Amino acid sequence: MHAVWTICKREVNAFFDSLTAYVLLVVFLGLSGTFTWLFGQGDVFFVGEASLDTFFQVAFWTLFFFIPAVTMGMIAEEKRSGTLELLATKPIDDLEIVAGKWLAAWALVAIALAFTLPYYVTVAQLGPIDHGATISGYLGLLLVSAVYVSIGLFASSLTGNQIVAFLLSLFIAVFLHLLFGQMASILPDAPANVASFLDLQGHFRTMSRGVIDTASVLYVGSLTCVGLLAATLSLKSRSWS
């Protein structure tokens, strides 16, 4: 665990030592804030119903692109520069490397979401708000982000090119983000139920409405573990080739 924490701190420091973290945070906050307050449905100001539903939907889509941009170079750049091999000479295994990098990227997402808490405070001042649904929505974003970070690290572990890693991460995530939901609407009953369960967006909608379902948590946790395991096996394969 000490090694995981050390790598996490190293990665977080690397984010903030460069412009990466600042640029991505500004872009995330700019997009989520603009679409939440200027292009939302006007519930807070005109209907008198205080809700962060618009923000959660915008953030869900923004994180879809934000996270691959964060993770694309975390392993790919180290492979390209050769520092990954140097790291492998330390008394640390591949799973700890992946876990430390995952924790750092997930922490950056958590920081980005923490900067949006003034939205919550402001809306709560403007009218009655469902605090349980809001907390559940934030938790849903963190859980979904855990999945996307693991996918991004897996994509980054497959190549030394950051752009390829970014595109590959999006390609994998789009199945969970969009395609399974579309498949559920056109398939017959039994396959449709399977596709509906695999639809990550559907699970997030449930959580953003204030329902933390055990099946959703287990599904998201399983996807995260699969992504981390795939990234770890990808790193281990470098010693087999």
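This is a predicted model: local features need pLDDT of at least 70, side-chain atom pairs count only at pLDDT 80 or more; totals for chains, interfaces and linings use all residues.
Helix 4 spans residues 53-71 and helix 12 spans residues 200-208, and their axes come within 11 Å and cross at roughly 150°. Since angles over 145 degrees count as roughly antiparallel, helix 4 is therefore roughly antiparallel to helix 12. The crossing of these two helices is right-handed. On the helix 4 side, the contact is made by Asp53, Phe56, Gln57, Phe60 and Trp61, while helix 12 contributes Gln201, Phe204 and Ser208. Sorted by class, the contact of helix 4 with helix 12 has 4 nonpolar, 3 polar and 1 charged residues.

A second pair is formed by helix 9 (residues 131-157) and helix 10 (residues 162-186), whose axes come within 8 Å and cross at roughly 140°. That angle makes helix 9 oblique to helix 10. Here, too, the crossing is right-handed. From helix 9, Val147, Tyr148, Ile151, Gly152, Phe154, Ala155 and Ser156 meet a set in helix 10 made up of Ala165, Leu168, Ser169, Ile172, Ala173, Leu176 and His177. The contact of helix 9 with helix 10 has 10 nonpolar and 4 polar residues, with no charged residues.

Attention now turns to the nonpolar core. The largest such core has 56 residues, of which Leu52, Phe55, Phe66, Leu141, Tyr148 and Leu200 touch the most other members. For Leu141, the residues touched are Phe55, Phe56, Ala59, Phe60, Leu63, Leu113 and Phe204, again without counting residues up to four places away in sequence.

Finally, Trp102 lies in helix 7, which covers residues 94-114. With a relative accessible area of 16%, Trp102 is buried. Trp102 touches Ala146, Val149, Ser150, Leu153, Thr224 and Leu228, not counting residues up to four places away in sequence. Between Trp102 and Thr20 there are 82 residues of separation in sequence, and their C-alpha atoms are 16 Å apart in space.

Methods
Residues are numbered from 1 along each chain as its sequence is written. Side-chain values use heavy atoms; hydrogens and water are left out. Axes are lines fitted to C-alpha atoms, for helices over the stretch in contact, and angles run from 0 to 180 degrees between N-to-C directions. Helices (H or I, at least four residues) and strands (E, at least two) are DSSP runs, numbered from the N terminus. Angles under 35 degrees count as roughly parallel, over 145 as roughly antiparallel, 65 to 115 as roughly perpendicular and the rest as oblique. A crossing is left-handed if the near helix is turned anticlockwise from the far one by less than a right angle, and right-handed if clockwise. Contact means heavy atoms within 4.5 Å. Ala, Val, Leu, Ile, Met, Phe, Trp, Tyr, Cys and Pro count as nonpolar, Asp, Glu, Lys and Arg as charged, and the others, Gly among them, as polar. A nonpolar core is a set of buried Ala, Val, Leu, Ile, Met, Phe, Trp, Tyr and Cys residues joined through side-chain atoms within 4.5 Å. Buried means under 20% relative accessible area, exposed over 50%, partly exposed in between (1.4 Å probe, protein chains only).
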